[in-house]
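Here is a short report for someone meeting this structure for the first time. It goes from the whole chain to single residues.

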Amino acid sequence: MSAIKSSSAARLFQGALQRWPKDPLRPECQLQDVLAKRLAKGNLAPPSTIKGASKTQAELKQANALYSLLENRYNTKYRAGPGVLEPKSNPTYYKDLVQELEEAPNRTFLQRLAKRLTGMIRLT
């Protein structure tokens, strides 16, 4: 019985890892790679991670947590109110941040250097 639950947790982990998006900012360090190594070792969840639960229950709970992040359950359950993402001090802050994160992986060395220098020099 325990082996069946453990293998189902492993299948859940593998399914989530296949759907997990790649991180363009750090291509050398991906969550999928780290969790795949844990999966290969058979060490999905140490028994002490969740109090009062067996190892298989802890593995299934961790797989459920991974899927909840993957499906963005928390964003749909806990919606941010209007105006939260537009602070009065800098209304375009979050839009600028998202734009910066989308542009960063595609910059050349000289563009990165220029961005760093303009960040160091402030004209106030």
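This is a predicted model: local features need pLDDT of at least 70, side-chain atom pairs count only at pLDDT 80 or more; totals for chains, interfaces and linings use all residues.

Residues are numbered from 1 along each chain as its sequence is written, and side-chain values use heavy atoms, with hydrogens and water left out.

The protein chain has six helices and zero strands. Helices (H or I, at least four residues) and strands (E, at least two) are DSSP runs, numbered from the N terminus. Of its 124 residues, 19% are buried. Buried means under 20% relative accessible area, exposed over 50%, and partly exposed in between (1.4 Å probe, protein chains only).

Two residues show both sides of that cut-off.

| Residue | Class | Relative accessible area |
|---|---|---|
| R107 | buried | 15% |
| L101 | partly exposed | 41% |

R107 sits in the loop between helix 5 (93-103) and helix 6 (109-120). Its side chain makes a polar contact of 2.8 Å with the side chain of E100. A polar contact is a pair of N or O atoms within 3.5 Å; within protein, one must be able to donate a hydrogen and the other to accept it, and residues adjacent in sequence count only if both atoms are side-chain atoms. Beyond its neighbours within four places in sequence, R107 is in contact (heavy atoms within 4.5 Å) with E100, R112 and K115.

L101 belongs to helix 5.
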